[in-house]
Amino acid sequence: MAGEAVWLSRCGGYEPEELLRQVEEAFTALGVWEELRPGMQVVLKPNLVMSSKPEAAIATHPALVAAVGKCVQKAGGKVLIAESPGGPYTPAAMKAVFRGCGYTEMAEACGFALYTECKSREVTLPGARRCKQLSVAEPFLTRDYLIDLCKLKTHGMVGFSGAVKNLFGAVPGLQKPELHCRFPEKGPFSEMLVDLCDFLQPDLCLTDGILAMEGNGPTGGVPRQAGVLGASKSPYALDVCMATLIGIDPESVLMLQEAHRRGLGPLSPKECTLVKEPLEPLLLGDFQKAEAASTDFIDRLPKFLRPAAKKIATPLPKIRKGACVGCGKCAESCPQHTIAIRQGKAVIDYKRCIRCFCCHEMCPQHVIDIQRWSLLRH
């Protein structure tokens with residue numbers, strides 16, 4: 001929505017006292033304290049795509065989640081941290097991810113609950129334009145208040161990973177690859193993400209942009225000190241500002257295009273109300289984007305050439321065979337089942353590959369690269 005308030009603040013690290021001060025300030029600036037009530041079940045949804053250490057910049061830092069949860073407790077709310085990473089959605093797998101990301105120890109110290117029952121149910125999305133039905137983990141359906149805690153990252157498929165994309169984690173485990181299979185093209189997939197975001201309607205969104213990820217995100221990129229926190233009640237407004245901050249034009253992000261088309265959010269920071277720091281001094285113009293082909297030239301070709309040109313121009317996942325350990329995580333996450341483990345190495349059947357990059361995202365060894373046609377590299 002035009003004029004939606006966005007709070008941006010410089011923050012150089014994850015010191016608990018400073019994070020708590022900043023989150024309290026964001027709650028005040030955005031009117032969150034007035035919305036929280038004693039006894040409320042408040043679900044915190046971080047980005048925990050896979051088990052990873054905080055310094056890898058893959059997951060939302062546990063120190064930020066701790067600060068947000070403490071503010072919720074201060075208002076009398078009950079904190080439940082819920083997420084569904086890639087791979088099987090089982091209690092054992094969920095506990096392992098929480099432990100590997102540093103959340104188990106943090107939750108115990110703060111008195112937060114971690115959701116590990118892994119129950120979900122099929123829901124109908126009344127206002128959906130692309131995806132009318134999908135499954136959602138139960139805490140997101142029963143909560144009183146939802147706080148979306150995303151990580152500032154690039155993304156190999158959709159370009160940018162922020163508050164809207166983070167809610168894809170509400171879909172349980174291996175049902176995510178099913179949705180990739182149903183919507184293999186970026187446009188329909190982005191429409192599905194907007195359908196889901198509009199259905200879940202987070203009450204508050206925060207972006208962990210202190211240590212961000214540039215390059216081939218959301219898991220294979222490089223940590224980058226961006227030194228910023230962002231917050232808004234609108235996931236779309238927050239994403240517009242954070243994408244701009246790292247040099248990504250919001251109009252190039254299909255999720256934000258679609259949300260704007262539906263009247264859900266802005267498409268420029270100029271349509272937002274910045275309630276603390278201005279955006280310009282925070283801009284990171286040299287932030288490295290995910291490896292992706294620029295396909296603007298395709299629209300200028302004769303129609304009969306466009307399908308072949310698009311196929312050539314679209315990046316492919318490429319396994320570095322020498323470094324592959326044959327763990328099978330890529331095969332497990334592939335929606336089309338195009339990956340097999342042969343002689344201890346992963347092999348991709350490119351004839352059936354839909355180029356969703358789930359394998360790239362879920363490889364724990366980060367040995368699956370995004371390969372482009374050499375003439376399109378920049």
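This is a predicted model: local features need pLDDT of at least 70, side-chain atom pairs count only at pLDDT 80 or more; totals for chains, interfaces and linings use all residues.
**View 1. Cys-131 and the residues around it.** Welcome to the loop between β5 (120–124) and β6 (133–137), which is where Cys-131 sits. Is Cys-131 buried or exposed? With a relative accessible area of 0%, Cys-131 is buried. Look beyond the residues up to four places away in sequence, and you will find Cys-131 touching Leu-125, Leu-179, Arg-182, Phe-183, Met-192 and Asp-195. For a sense of scale, Gly-265 is 134 residues from Cys-131 in sequence, and the C-alpha atoms of these two residues are 19 Å apart in space.

**View 2. The aromatic pair of Phe-168 and Phe-189.** The count of aromatic pairs comes to 3. Phe-168 and Phe-189 form an aromatic pair of the edge-to-face kind, with 5.5 Å from centre to centre and 85° between the planes. The pair links distant parts of the chain, 21 residues apart: Phe-168 belongs to the loop between α6 (163–166) and α7 (175–182), while Phe-189 lies in helix α8 (residues 186–200).

View 3. Take Cys-110, which is in no disulfide: the nearest cysteine sulfur belongs to Cys-71 and is 11 Å away. Cys-110 is buried, its relative accessible area being 15%.

**View 4. Ile-147 in the largest nonpolar core.** In soluble globular proteins, nonpolar side chains tend to be buried together. Which members of the largest nonpolar core touch the most other members? Among its 115 residues, they are Leu-134 and Ile-147. Setting aside neighbours within four places in sequence, the contacts of Ile-147 are Phe-27, Val-42, Val-43, Leu-44, Lys-45, Val-68, Val-72, Leu-204 and Leu-206. Another core, of 13 residues, lies apart from the largest one, and its members include Ile-319, Cys-334, Val-367 and Ile-368.

Terms used: Residues are numbered from 1 along each chain as its sequence is written. Side-chain values use heavy atoms; hydrogens and water are left out. Helices (H or I, at least four residues) and strands (E, at least two) are DSSP runs, numbered from the N terminus. Buried means under 20% relative accessible area, exposed over 50%, partly exposed in between (1.4 Å probe, protein chains only). Contact means heavy atoms within 4.5 Å. Rings of Phe, Tyr and Trp (its six-membered ring) pair if their centres lie within 6.5 Å; planes under 30 degrees apart count as stacked, over 60 as edge-to-face and the rest as tilted. A disulfide is a pair of cysteine sulfur atoms within 2.5 Å. A nonpolar core is a set of buried Ala, Val, Leu, Ile, Met, Phe, Trp, Tyr and Cys residues joined through side-chain atoms within 4.5 Å.
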